Amino acid sequence: MAADARYRPTPLRFDRLPPDEQRARAREFLARMRTRRSVRQFSDEPVDPAVIDAAVATAASAPSGANRQPWRFVVVRDPEVKRRIREAAEAEERESYAHRMPDEWLDALAPLGTDWHKPFLEIAPCLIVVFRIDYGVEAAPDGSERHVKHYYVSESVGIACGFLLAALHYAGLATLTHTPSPMGFLADILGRPKNEKPYLLIPVGYPAPDAEVPDITKKTLGEVKIDI
Ligand code: IYR
């Protein structure tokens with residue numbers, strides 16, 4: 001069978017590392033990533049837009065289903081927009097903590113010390129709001145709109161967010177993975193079209209000088225890994 005002309009292979013560029021270098025890099029990366037903490041107390045010190053742009057470009061280099069790249073990253077620095085996001089998020093969270101979250105959920109969050117107050121949404125100099133794009137929209141030749149199917153959207157956007165968090169941490173910035181619930185208000189405030197759904201809100205900046213974090217630990221390798 002003739003190969004499909006749309007498959008245009010190009011030689012792979014791959015840096016093959018010596019074994020010692022592989023181990024050293026794997027351990028260095030582990031040591032660095034282990035120092036990442038979710039931060040809820042930020043300083044208002046601004047961050048370099050070039051660092052944010054490079055981290056978002058890293059996120060956008062992630063693999064995705066059929067390479068559809070079903071993500072949008074809205075970088076919010078405007079204080080008035082941050083204020084509106086805080087106000088809307090706190091209204092939802094106040095309701096959630098008081099009435100919507102079952103006791104089991106509240107118990108699970110107790111070690112994290114969270115509540116409905118979200119001052120970091122205004123204080124952090126930058127909020128990256130990640131949207132999942134559930135389908136693409138293309139202009140058909142007759143001028144009508146055609147929907148383009150996206151695949152494995154939540155897996156793809158989740159991987160991109162992992163790249164983003166790692167890139168921001170590696171560049172020396174603090175982050176929080178925040179999911180105010182429900183978060184439809186983000187699409188309204190940020191004017192996103194109906195094929196884009198809020199996925200994750202990531203405040204980015206420097207920790208406040210007196211920032212504290214919960215004293216929690218990660219499972220050991222033995223607890224999470226099975227060799228077969
Ligand atoms: N969205 C709420 C509650 C919350 C839920 C989970 I799961 C967390 O890991 C942390 C918080 C809030 O942001 O407070």
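Y152 counts as exposed in this predicted model, because its relative accessibility is 62%, and the cut-off for exposed is over 50%. The residue is found in the loop between β4 (145-149) and α6 (153-170). Phi of Y152 is near 45 degrees, a positive value in a residue other than glycine. Most residues other than glycine have a negative phi.

Q69 also has a positive phi, of about 55 degrees, although it is not a glycine. This residue belongs to the loop between α2 (49-59) and β1 (71-76). With a relative accessibility of 36%, Q69 counts as partly exposed.

A further backbone feature involves a proline. S181 and P182 are joined by a cis peptide bond, with omega at about -5 degrees. Most peptide bonds are trans. P182 lies in the loop that runs between β5 (174-175) and α7 (185-189).

Eight helices and six strands make up the elements of the chain. Read from the N terminus, their order is α-α-β-α-α-α-β-β-β-α-β-α-β-α. The C-alpha atoms fill a box of roughly 65 × 55 × 40 Å along the principal axes. The chain has 228 residues, and 35% of them count as buried.

L201 counts as buried because its relative accessible area is 0%, and the cut-off for buried is under 20%. L201 and P79 are separated by 122 residues in sequence, while their C-alpha atoms are 16 Å apart in space.

At 55% relative accessibility, E223 counts as exposed. A polar atom of the E223 side chain lies 2.7 Å from the backbone nitrogen of T220. E223 and E104 are 119 residues apart in sequence. Their C-alpha atoms are 24 Å apart in space.

Ten names can be read off around it: E93, Y97, W105, L109, L112, T114, D115, K118, H178 and T179. By class, this shell divides into four nonpolar, three polar and three charged residues. Two helices each supply at least two residues of the shell, namely α3 (79-100) and α4 (103-109).

In the side chain of Y97, an N or O atom is 2.5 Å from an oxygen atom of the ligand. For K118, the distance from a side-chain N or O atom to a ligand oxygen atom is 2.5 Å. T179 takes part through its backbone: an N or O atom there lies 3.2 Å from a nitrogen atom of the ligand. Taken alone, the ligand exposes 370 Å², and the protein buries 72% of that area.

Methods:
Residues numbered from 1 in each chain as written. Predicted model: local features only at pLDDT ≥ 70, side-chain atom pairs only at ≥ 80, totals over all residues. Heavy atoms only, no water. Near = heavy atom within 4 Å. Polar contact = N/O pair within 3.5 Å; in protein donor to acceptor, adjacent residues only side chain to side chain. Areas by Shrake-Rupley, 256 points an atom, 1.4 Å probe, with all protein chains shown as cover. Helix = DSSP H or I, 4+ residues; strand = E, 2+ residues; numbered from the N terminus. Nonpolar A, V, L, I, M, F, W, Y, C, P; charged D, E, K, R; others polar. Buried < 20%, exposed > 50% of the residue type's maximum accessible area, 1.4 Å probe, protein only.
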